[in-house]
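Dear colleague,

Please find below the structure that I am handing over to you. My findings follow directly after it.

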Amino acid sequence: MRYAIFSDVHGNLQALESVAKRMDQLKVDRRICLGDVVGYGGNPNECVERVAQIADLTIAGNHDHAVLGTTDVGYFNSNAQAAVFWTREILRERSREFLGDLPLVAGEGYLFFVHGSPREPERWHYVLSTPEADLNFEYFDTDLCLIGHSHRPFLATKRGEDQCTVRALNEDRILIEEGSRYIVNEGSVGQPRDGDPRACFLILDAEERSAKIERVPYDIAGAQRAILEAGLPPALADRLRYGS
Ligand code: ZN
């Protein structure tokens with residue numbers, strides 16, 4: 001079974017279409033979306049519709065809950081808040097229903113899926129530091145936990161009781177070794193923040209127990225135009241060019 005794991009589309013339809021095309025080229029069997037379909041970008045309804053079409057399973061993200069009003073946006077920065085308020089205005093009923101039905105966590109085989117962190121998924125913690133990653137290994141039972149949320153691809157590896165090691169993830173191949181446990185952040189489709197502006201997702205071969213980050217160029221100018229035409233803060237368009 002070959003999986004494509006993707007998340008943090010954030011209303012960026014141009015990035016999502018390029019990623020969907022690459023998934024087809026790579027002959028993926030199962031597509032899992034780890035949340036944040038909306039927020040920041042100019043095409044939230046179109047992205048919900050497309051994710052509903054292509055994903056076999058979608059997990060809820062904090063921005064999905066924010067536009068539904070089911071999580072506090074007090075800790076969002078002003079640009080993120082502006083995007084939430086605009087998205088609330090234009091979100092169609094069908095999109096709301098889809099986002100409202102998403103689970104916070106799911107699992108299959110040796111995989112566990114969550115948007116932010118296995119520890120208190122509903123509180124949207126960021127897993128950025130080694131101690132935070134290490135703590136999270138207590139909150140899932142499988143070999144491999146897949147997360148999104150920070151928009152920065154990384155790999156945390158835990159062997160036995162030792163503290164885990166964490167490293168940023170490039171496009172190199174990772175092996176999921178028996179006896180070790182892992183947390184993998186698969187990056188962001190629609191708003192990468194690791195300095196590489198290309199859309200990002202993960203390919204995972206469950207039998208081979210290997211995984212690899214994929215980076216896909218997309219029509220950044222088109223995504224920027226959609227943000228500006230929506231009247232959203234220009235900073236949200238600018239950052240796409242830098243992947244920041
Ligand atoms: Zn996000």
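For what follows, two residues are in contact when heavy atoms of theirs lie within 4.5 Å. The model is a predicted one. Among its contacts between residues at least 6 apart in sequence, 71% join residues at least 24 apart.

Regarding the overall fold, the protein contains 8 helices and 12 strands. Its radius of gyration is 17 Å, close to the 18 Å that the globule rule gives for 244 residues, so the protein is as compact as a globular protein of that length. The C-alpha trace spans about 50 × 40 × 30 Å along the principal axes.

As to burial and surface, 58% of the 244 residues are buried. The protein exposes about 10200 Å², and carbon and sulfur atoms supply 47% of this area. The side chains include 27 positive and 38 negative ones, with the centres of the two sets 5 Å apart.

I would also draw your attention to an open sheet of 6 strands, which has the order 3-2-1-11-12-9 and mixed pairing. Its edge strands are strand 3 (57-58) and strand 9 (173-175), each of which pairs on one side only. In general, strands of a sheet pair through backbone hydrogen bonds, either parallel or antiparallel. Strand 2 (residues 30-33) and strand 3 run parallel and are joined by 2 bridges. Within this pairing, Ile32 has Leu57 of strand 3 as its bridge partner.

With kind regards

Notes: Residues numbered from 1 in each chain as written. Predicted model: local features only at pLDDT ≥ 70, side-chain atom pairs only at ≥ 80, totals over all residues. Heavy atoms only, no water. Helix = DSSP H or I, 4+ residues; strand = E, 2+ residues; numbered from the N terminus. Rg over C-alpha atoms; globule rule 2.2 N^0.38 Å. Buried < 20%, exposed > 50% of the residue type's maximum accessible area, 1.4 Å probe, protein only. Areas by Shrake-Rupley, 256 points an atom, 1.4 Å probe, with all protein chains shown as cover. Lys, Arg positive; Asp, Glu negative; His and termini not counted. Charge placed at Lys NZ, Arg CZ, Asp CG, Glu CD. Pairing = 2+ DSSP bridges.
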